[in-house]
Amino acid sequence: MRLSQLFFTTLRDDPSEAEMPSHRLLLRAGYVRQLGSGIYSLLPLGKRVNDRVEQVIREEQDRIGGQEMEMPVVHPADIWRASGRFDAIGPELTRFKDRNGRDMVLAMTHEEVVGLLLADIVKSYRQLPVQVYHFQTKWRDEPRARGGLIRVREFVMKDAYSADRDQAGLDASYEAQYGAYVRTFERLGLDTVVVASDVGIMGGSQAHEFMVLNPAGEDVLVLCETGHYAANRQVAVMPKPAAPEPPEAPAAIDEVATPGTTTIATLAAFLGVGPERTAKAAFFVTGDGRLVTAIVRGDFEVNETKLGNAAKAIGGIRPATVEEIRAAGMEPGYGSPIGARGTVVVIDDLVQRSPNLVAGANREGFHYRNVNVGRDYQADVVADITNAQAGDACPVCGEPVTLRNGIEVGNIFKLGTKFTDAAGASYLGEDGQAHPIVMGSYGIGVGRSTACIVEAHHDDKGIVWPAEVAPYAAHLVSIGNAREPRVNEIAERFHELASEAGREILWDDRDESPGVKFTDAELLGMPWILTVSPRSLAAGGIEVTERATGERSTRPIDEVEALLVNEFGRAGLVAG
RNA sequence: CGGGGCGUGGCGCAGCUUGGUAGCGCGCAUCGUUCGGGACGAUGAGGUCGGAGGUUCAAAUCCUCUCGCCCCGACCA
């Protein structure tokens, strides 16, 4: 490809809206352009990278027997009603009506469609197991896009679906996908950490997320440095202190004035006790409109994912407003379930075995001492609802865990029969009886993976593509091609040779100064930069520079020709 | 949705406080010189100052509404 003809432009200045390196570089180097919040166009260079990332994913899906297909972006709302997600999912699911007034949705994912297809096609156990996948646009009207391609509203996901006869079959399919993901991300040049995760809107029994560590990541990971334990903080369960030994007898409840102590820190300081002697109350409202009061010990934080699960919240939870809290007879800052009404009380398991805590008196400026669950108030649900904290003991080895931020590039879910039940997808087993098909689903964000690759592979000059995903194998810089026939002739031959070998290179044939060409070559990030110039010819040939290391050598012309035809043609070294 | 910020030529920005009819750098076009690390000179093109309404003799500038984008939070695969 001749750079003079390429539909792109580089930017000398950093775009003001781009904060993450991947966003900044992909914009500056002319790979992507933004159309709206969380909506991006892929320019030709970006499209080539995208295709190469997809190809890696495709090969690894095919390797485990996945069959590529394609499902629609627009779905009749009925199928989402049948699975229950039409009502369970909030405004991030875009709904609209077609011209006949029929309710439609833009697909966020494709479990419903797969369920229907399975119901249609699979009749017998002989047709199972089977795995299908596609690369398809998803629309998720996220409340807030951010970080360039890291978190967008419209994106292409590889989503795969397994169908099995039973749980054991699902376990095997899940393992196969797990392995495919490990190989995929390794080939893409992404170091991933696999963590146990929440099942979220997918439901089901087990899920893992493939995470790339990044300070800008939106998920918090709980990691044991020795590798014993890795979980998303949404689900991480850490050992908690045992009940005091010998048991502490409940003491008489006692109201105390505690002016100006709306936080645990100020309260504990005011009373001269540790935060572990206090009960923290947090208030939420579920998607189905119930007020939930969460009680954790003062030295812990509420984990909203766990709380939502414990409260069996439909449509998630959000913090309650002051009005909602007061309507239930509680006082923000001095709140507790004591005397409250109309609220679901969820207490952390540690609170249940912690006697004589300080808790709110539901009166501004007052708390109670010696509050005890069961005597002073009742819990509707007792569950682990706290966040893991840095330094907590690893549940396996006891060493302190660390918290790291991560970006989720892939996930795998054991779905079970939720979607096949909804779709009526069953098969006749060897026993002649109908059985529900057991499903799994497996996603990889293509654009997000690309952005993470740039995050991991760049320097102060630009992108440094891993060969496997580089849009072109090499970037040919010809200096003085406009006035040196010999230079132009060689460059042109290289360009043609590579093209004929089915492996295009990028040739900067523009009449630009050397500085501009080198700067752009480094910004664009091809793995190899070939320089042909009067100087290189005088030195005996072509200058070959490895982008990643900066290592440079001058090689004879015929050797470079061979490289173009053969060496760069090795798997992983050229654009497909 | 809450908090904060920003919309002025393709990109980056100044001008706004104190109203007087738009400017800088880069980029772009043409010509000449230059040619191994974002060249130089000359000439030139390009802007409904996000949009609507209002105040005023006069609005990029003041007021109201509105749209969009970014960041933090909330939320989320």
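Visitor: How many of the eleven residues of helix α12 (residues 446-456) are buried?

Guide: Ten of the eleven residues of helix α12 are buried, so the helix is largely enclosed by the rest of the structure. Before going further, please keep in mind that this is a predicted model, in which local features need pLDDT of at least 70 and side-chain atom pairs count only at pLDDT 80 or more, while totals for chains, interfaces and linings use all residues. Residues are numbered from 1 along each chain as its sequence is written, and chains are lettered from A and ligands numbered from 1 in the order in which they are written.

A residue is called buried if 20 or more other C-beta atoms lie within 10 Å of its own, exposed if 12 or fewer do, and partly exposed in between, with the C-beta atoms placed from the backbone. Helices (H or I, at least four residues) and strands (E, at least two) are DSSP runs, numbered from the N terminus. In α12 the buried residues are V446, G447, R448, S449, T450, A451, C452, I453, V454 and E455. For the chain as a whole, 44% of the 576 residues of chain A count as buried, and its secondary structure comes to 16 helices and 31 strands.

On the α1 side P21, S22, L25 and L26 take part, and they meet A451, V454 and E455 of α12; two residues are in contact if their C-beta atoms, placed from the backbone, lie within 7 Å. By class, the residues of this contact divide into five nonpolar, one polar and one charged, where Ala, Val, Leu, Ile, Met, Phe, Trp, Tyr, Cys and Pro count as nonpolar, Asp, Glu, Lys and Arg as charged, and the others, Gly among them, as polar.

N50 is buried, because 21 other C-beta atoms lie within 10 Å.

We can follow the chain onward from here to a sheet. Five strands form an open sheet in the order β28-β27-β29-β30-β31, and the pairing is mixed; two strands pair if DSSP finds at least two bridges between them. The edge strands, each pairing on one side only, are β28 (506-508) and β31 (552-555), and the twist averages 20° from one strand to the next. Helix α13 (residues 485-500) lies across β27 (474-478), β28 and β29 (528-532), running at about 165° to β27. Helix α14 also lies across β27, β28 and β29, at about 175° to β27.

With α14 we reach the RNA, for this helix gives the most to the surface near RNA strand B, with seven residues. Here a residue is near a molecule or strand if its C-beta atom, placed from the backbone, lies within 6 Å of it. In total 46 residues surround RNA strand B, and the closest are S16, P143, G316, E408 and G515. Ten of the residues of that surface are nonpolar, 18 are polar and 18 are charged. Elements that each supply at least two of its residues include β24 (438-445) and α14 (514-524).

Conventions:
Axes fitted to C-alpha atoms, helices over the stretch in contact; angles between N-to-C directions.
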